[in-house]
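Okay, thanks for coming, everyone. Let me put the model up and then walk you through a few bits of it.

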Amino acid sequence: MLRRKIYEDLKKWKKESNGSSALLIEGARRVGKTMIAEYFGENEFSKYRTIDFSKESIDVLNCFNDLSDIEKFFEKLFLALRISALPKGSLLIFDEIQFCPKARQAIKSLVADGRYFYLETGSLVSIKENTLDILIPSEEENIQMYPMDYEEFLWACGLDYEAETIL
């Protein structure tokens with residue numbers, strides 16, 4: 001796994017929010033948003049699950065149409081995903097959130113429920129067509145991810161000493 005500076009921001013969000021907000025990682029395509037989110041899930045949580053909205057079935061997408069009964073929502077969601085319910089305190093990664101605006105809107109109810117942490121990733125999530133007819137949740141924090149900078153590139157090449165000397 002490539003060392004990225006954003007990882008420290010993710011750890012800080014987990015500690016400071018303690019599940020009281022979701023975190024949206026926004027950035028250009030192919031900068032490593034999904035990779036860092038899943039690495040974070042593997043290393044900082046006992047369990048995590050990625051829901052990739054660019055690939056999920058219509059059954060999964062339809063779960064987000066009705067959150068009036070949060071227990072039923074999670075039953076339907078985990079059934080549609082064909083997995084057992086995750087333990088409390090697990091991480092749900094909503095990958096490519098721009099493909100399911102209703103899931104982004106659902107963050108308000110999901111965070112209020114308090115059973116999971118939520119990390120969203122996406123490209124072009126702020127453009128009008130991806131926010132049309134939804135309420136952007138105030139429980140969502142945003143962070144921007146950029147391509148690797150020179151220091152991160154040096155780390156990836158195993159040149160930690162050189163990275164230290166450029167500062």
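Predicted model: local features only at pLDDT ≥ 70, side-chain atom pairs only at ≥ 80, totals over all residues.

Numbering runs from 1 along each chain as its sequence is written, and side-chain values use heavy atoms, with hydrogens and water left out.

So, helices α1 (residues 6–17) and α2 (residues 33–44): their axes come within 11 Å and cross at roughly 50°. Axes here are lines fitted to C-alpha atoms, for helices over the stretch in contact, with angles from 0 to 180 degrees between N-to-C directions. Helices are DSSP runs (H or I, at least four residues), strands likewise (E, at least two), numbered from the N terminus. The α1 and α2 pair is therefore oblique; under 35 degrees counts as roughly parallel, over 145 as roughly antiparallel, 65 to 115 as roughly perpendicular, and the rest as oblique.

Who touches whom? On the α1 side you've got I6, Y7, L10, K11, W13 and K14, meeting I36, Y39, F40, N43 and E44 of α2. Contact means heavy atoms within 4.5 Å.

Next pair: α4 (residues 70–81) and α5 (residues 101–113) have axes that come within 11 Å and cross at roughly 105°. That makes α4 roughly perpendicular to α5. Here I70, F73 and F74 from α4 meet S109, L110 and D113 from α5.

Last, the largest pocket. Its lining includes R29, R30, K33, D95, E96 and T121. Which element gives the most to that lining? It's α2, with 3 residues. Both α2 and β4 (117–122) supply at least two residues each.

Key
1 Å grid on protein atoms, 1.4 Å probe; cavity = no way out; pocket = protein on both sides within 12 Å on 5 of 7 lines; lining within 4 Å.
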